[in-house]
Amino acid sequence: MLLRALGTLRPTAPPWLWRYGLAVAAVAAALLLRLALGRLLGEETPFLLQFAAVLVAAGFGGLGPGILATLLGALASSLLFLSARFQFSFTDAPDTLRLLLFLGEGLFISVLGARLQIARQRAEQSEAQTRQLEQRILDISEEERRRIGQDLHDGLGQQLTGVAFLTKALQQRLAARELPEAADATSIAQLVSESIGQTRALARGLTPVGLEHGDLAAALTQLASATSSVFGVDCDCRCDEQVQLSNLAVATHLYRIAQEAVNNAIRHGKAGRIVIGLEVASSAGPHGRLRLWIEDDGIGIDSPPGQLRRTDDARDGLGLQIMSFRAKMIGAELEIRRRAGGGTIVTCSAPYPPATPAGQSCQSE
């Protein structure tokens with residue numbers, strides 16, 4: 001863990017001067033610490049701290065810096081700590097043996113550290129590629145949502161509108177002739193009108209109006225209205241209309257998190273009342289926190305009241321995993337808790353104003 005933490009401090013592509021300078025600095029630091037602790041450690045273990053210097057140099061610099069640290073460590077230890085200080089002779093068998101063992105072990109540590117460095121770089125590249133692939137999948141999904149929403153609105157919606165006009169005209173002609181089929185035509189016209197309303201609501205859910213202009217509150221209000229009309233539940237929106245997001249990617253991720261939470265409350269929670277909230281809470285720093293929450297009165301999640309539900313469990317459904325991934329993409333914190341009185345509370349807290357997610361632009365969605 002310590003080596004991984006230190007690895008984040010080094011440049012992503014360090015020049016040769018930085019890598020070899022690190023080897024010299026590590027050896028010098030080990031030497032100074034050894035001199036300072038000489039009275040406590042004694043003169044029997046001159047190479048222990050130098051092993052650490054070799055590991056640091058090889059782990060973050062590669063094979064060459066590791067070998068350099070080994071040679072410098074051997075030279076410094078042979079001059080200062082083997083036999084009499086500043087005196088060394090190859091005829092002294094114990095000193096020579098210890099020096100050779102240190103050189104061999106230092107070379108082994110250098111090779112091992114270099115291999116670990118390569119493995120760490122490959123893991124970082126693989127993680128970055130995985131995140132890019134996951135983001136691309138979400139982008140494709142968002143593009144398909146918009147396409148289907150436009151097809152519903154411009155295609156099916158227009159056709160149903162035409163059917164509604166024809167049915168209305170037929171109903172009027174049948175009524176003028178006082179035929180009993182006029183009542184059936186009236187019923188058909190009402191059903192078509194309801195279908196048009198549901199189609200428009202679905203289209204608005206797939207392509208929410210307002211996100212393109214940063215008006216997340218308007219999009220969430222539209223989501224609440226569509227939820228009430230389509231599913232017949234009481235869905236209320238308590239959003240601060242002053243909240244504006246210039247970053248379309250962040251706004252889209254937050255909207256999809258709210259949409260998934262609402263769908264889960266209806267499908268799995270059997271909720272009768274849902275509240276969608278959006279506000280900006282002040283913090284001690286120069287920026288605030290954007291807080292999005294979805295609260296319902298359904299059956300709740302399988303966790304004790306108030307206890308935080310993990311969102312990285314592989315046993316969770318795909319919806320929860322996507323919600324968690326969307327939150328991570330915008331640097332937000334996602335929490336899912338069971339309400340004391342029954343139901344679930346989903347809270348997503350993000351920096352405000354938000355930063356552009358890695359690898360995205362404000363127009364990436």
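A salt bridge is a side-chain nitrogen of Lys or Arg within 4 Å of a carboxyl oxygen of Asp or Glu. The model looked at here is a predicted one, so local features need pLDDT of at least 70 and side-chain atom pairs count only at pLDDT 80 or more, while totals for chains, interfaces and linings use all residues. Residues are numbered from 1 along each chain as its sequence is written, and side-chain values use heavy atoms, with hydrogens and water left out.

Six salt bridges turn up in the structure. One of them links Asp236 to Arg238, with the closest N and O atoms 3.3 Å apart. How much of these two residues is left open? Asp236 has a relative accessibility of 28% and counts as partly exposed, a label for anything between buried (under 20% relative accessible area) and exposed (over 50%), worked out with a 1.4 Å probe on protein chains only. Arg238 is partly exposed too, at 48%.

Another salt bridge pairs Glu335 with Arg337, and here the closest N and O atoms sit 3.6 Å apart. Glu335 comes out at 28% relative accessibility, which is partly exposed, and Arg337 gets that label at 30%.

Then there is the salt bridge between the side chains of Glu295 and Arg339, at 2.8 Å from N to O. Which parts of the chain does this pair tie together? Glu295 belongs to strand S3 (residues 288–296), whereas Arg339 is in the loop between strand S5 (333–338) and strand S6 (344–352), so the pair connects parts that are 44 residues apart in sequence. Strands here are DSSP runs of E with at least two residues, helices are runs of H or I with at least four, and both are numbered from the N terminus. Both partners are partly exposed: Glu295 has a relative accessibility of 25%, and Arg339 has a relative accessible area of 23%.

Now for the strands themselves, which count as paired if DSSP finds at least two bridges between them. Strand S1 (residues 234–239) runs parallel to strand S2 (residues 273–281), and six bridges join them. Cys235, for example, has Ile274 in S2 as its bridge partner. Together with helix H9 (residues 248–267), S1 and S2 make a left-handed β-α-β unit. As for handedness, a crossover is right-handed if, with the strands pointing away from the viewer, the path from the first strand over the helix to the second runs clockwise. S2 also pairs with S3, this time in the antiparallel sense, over eight bridges. In that pairing, Ile276 has Ile294 in S3 as its bridge partner.
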